[in-house]
Amino acid sequence: MLMLLAFGVLLQEIWASIHDENPADASNIPEVPLFSYENINLPEEHIPYFLHNNKHIATACKQDPHCPYKKYLKKLKSCWGYEKSCKPEKRFGYPTCDYAEAGWVSTVEEAQHTFWKQADFGYVKERIDEVKTYCRPKAMGDSSLECSRYLQYCRAKNLYIDLRSPERTHDRFNEDFFQKGQIGGHCNLDIKAFLAEGQRKSPLQSWFAELQMYTELNGRPTEDGSCDVVIDKPTYFMKFDAGVNMYHHFCDFVNLYITQHVNNSFSTDVNIVMWDTSSYGYGDLFSETWTTFTDYEITHLKSYDSKRVCFKEAVFALLPRMRYGLFYNTPLISGCHGTGLFRAFSQHVLHRLNVTQDGPKDGKIRVTILARSTAYRKILNQNELASALKTLSLFDVQIVNYKYKELEFTKQLKITHNSDIFIGMHGAGLTHLLFLPDWAVIFELYNCEDEHCYLDLARLRGVHYMTWQRKDKVFPQDQGHHPTLGKHPKFTNYSFDVEEFVRLVLLAADHVSQHSKWPFRRKQRDEF
């Protein structure tokens, strides 16, 4: 905070000196911008919210003729929703609820607030409000450690980690990796309060196992020669879920984005370290997505082996499978949909990966059918279904197969983002719904009796969800063959009644054409 105040004072002094020398001389206007605005790199819609939380940059922009964001200075009351000064009417969206679910709430307004706290920027607000300091600096420049409840998120200053003799095994998340004195800082540790946060100790739910041996050190490691390596750049530690599964891996990315909000920084000039206590590598089919968050290659923790490493700034990111976290197995109140948080995440990723919207097309609905190349849950008559849609001039239809070896991920996102109706069988590929345009429909052709997974994800993102309803018009190849459970609907393939399929896609098209953000709404509304 002192640095921000100093920066603001310095800007005022610079600007005052320019005007004092010759206020009428335009040549005294600074030749270089007062801030590197290009490094902000956020969607245009997000700029006023960013400036609201970064007053020093807003001040620079006001005084700087080179600032490209002056038009947003009139919107500085815009806020994400978690800020203490944020007024409800200025929030970045608010959920819609169709009814109040009995047992949860009694009014629609209560339902909206509940959903906002469960899965929107209200969730971020709760994490911010939970943060406590557990290790206080003894003097200026000392270490510190502050964490949210259950150590689901932590932020450390001048963190010391001794990796000179790590015991690496096949276990990716060894809960006894450190001994006392191998991780810590020069600060006053409230050990009793700190150890009381271990109720949710679990690999992908908490950082308690990694930090339980945090030790109050006698000396300052960054000054007394204890560090073999000092990392000046801010570092995010992450424990990854399955990198070969889009649904699970995007739990990592969503929680990293939420962590950035908690930390109030969207800079890509940061290191990301994969916290993995094994010696194995990590398969990542969506590695292109990391450029959204960092300018550098992901670092494996083992790259620091044999060294004592000190991190000037370290953040332990929110985790992908936290109890009541987002979005794996998140319990959600029914009847509500459309979070600003997931819409902002979608916009953020698409913007930084340069994925653009090339449509929509007047008089056309773009339909994408996602094929599967796996052994199970194939659409056996997908060509017949696509051909039936192509007989209707309304539809532009394509069948795609998102094989990672044949179609890079950003190109997959380009196809998804330029789809008005996205159709696919139950499976991780439906996570692409996060990147559909706001007016789109996600049609989970058959949910294989897993009713809530992608329905809830669609509710979080705020796109309309549909699935097959008539069981007498869907035809499984057999009863399914789970390797241990026997009969199982996810372990077979399916054919679908063509006429019923077309009827449902027409219903989806009707929803698209009547969506408030569909640009041709008035022209096409009467055609359906």
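**Figure 1. Six disulfides are present in the structure.** The model shown here is predicted. Counting the bonded cysteines along the protein chain, the disulfides follow the pattern 1-2, 3-4, 5-12, 6-9, 7-8, 10-11.

**Figure 2. Close-up of the disulfide between C79 and C86.** The two sulfur atoms lie 2.0 Å apart. The torsion about the S-S bond is about 75°, so this disulfide is right-handed. C79 is buried, its relative accessible area being 0%. C86 has a relative accessible area of 15% and, because buried means under 20%, is also buried.

**Figure 3. Close-up of the disulfide between C147 and C154.** Here the sulfur atoms are 2.1 Å apart. A torsion of about 110° about the S-S bond of C147 and C154 makes the disulfide right-handed. C147 is buried, at 0% relative accessibility. C154 is buried, at 0% relative accessibility.

**Figure 4. The disulfide that joins C227 to C310.** The S to S distance is 1.9 Å. The link of C227 and C310 is left-handed, with -70° about the S-S bond. This pair connects distant parts of the chain, 83 residues apart. C227 sits in the loop between β7 (214-216) and β8 (229-231), while C310 belongs to strand β12 (residues 308-316). C227 is buried, with 15% relative accessible area, and C310 is buried at 0% relative accessibility.

**Figure 5. C251 is in no disulfide, and C448 is in no disulfide.** For C251, the nearest cysteine sulfur is that of C453, 9.0 Å away. C251 is buried, with 0% relative accessibility. For C448, the nearest cysteine sulfur is again that of C453, at 11 Å. C448 is buried, with a relative accessible area of 2%.

**Figure 6. Packing of helix α8 (residues 246-263) against helix α9 (residues 340-352).** The helices pack at an angle of about 100°, and their axes are 11 Å apart. Helices α8 and α9 are therefore roughly perpendicular to each other. On the α8 side, the contact is made by F250, F253, V254, Y257, I258 and Q260. Helix α9 contributes L341, F342, A344, F345 and H348. By class, nine residues of the contact between α8 and α9 are nonpolar and two are polar, with no charged residues.

How values were computed. Residues numbered from 1 in each chain as written. Predicted model: local features only at pLDDT ≥ 70, side-chain atom pairs only at ≥ 80, totals over all residues. Heavy atoms only, no water. Axes fitted to C-alpha atoms, helices over the stretch in contact; angles between N-to-C directions. Helix = DSSP H or I, 4+ residues; strand = E, 2+ residues; numbered from the N terminus. Parallel < 35°, antiparallel > 145°, perpendicular 65-115°, else oblique. Contact = heavy atoms within 4.5 Å. Nonpolar A, V, L, I, M, F, W, Y, C, P; charged D, E, K, R; others polar. Disulfide = S-S within 2.5 Å. Buried < 20%, exposed > 50% of the residue type's maximum accessible area, 1.4 Å probe, protein only.
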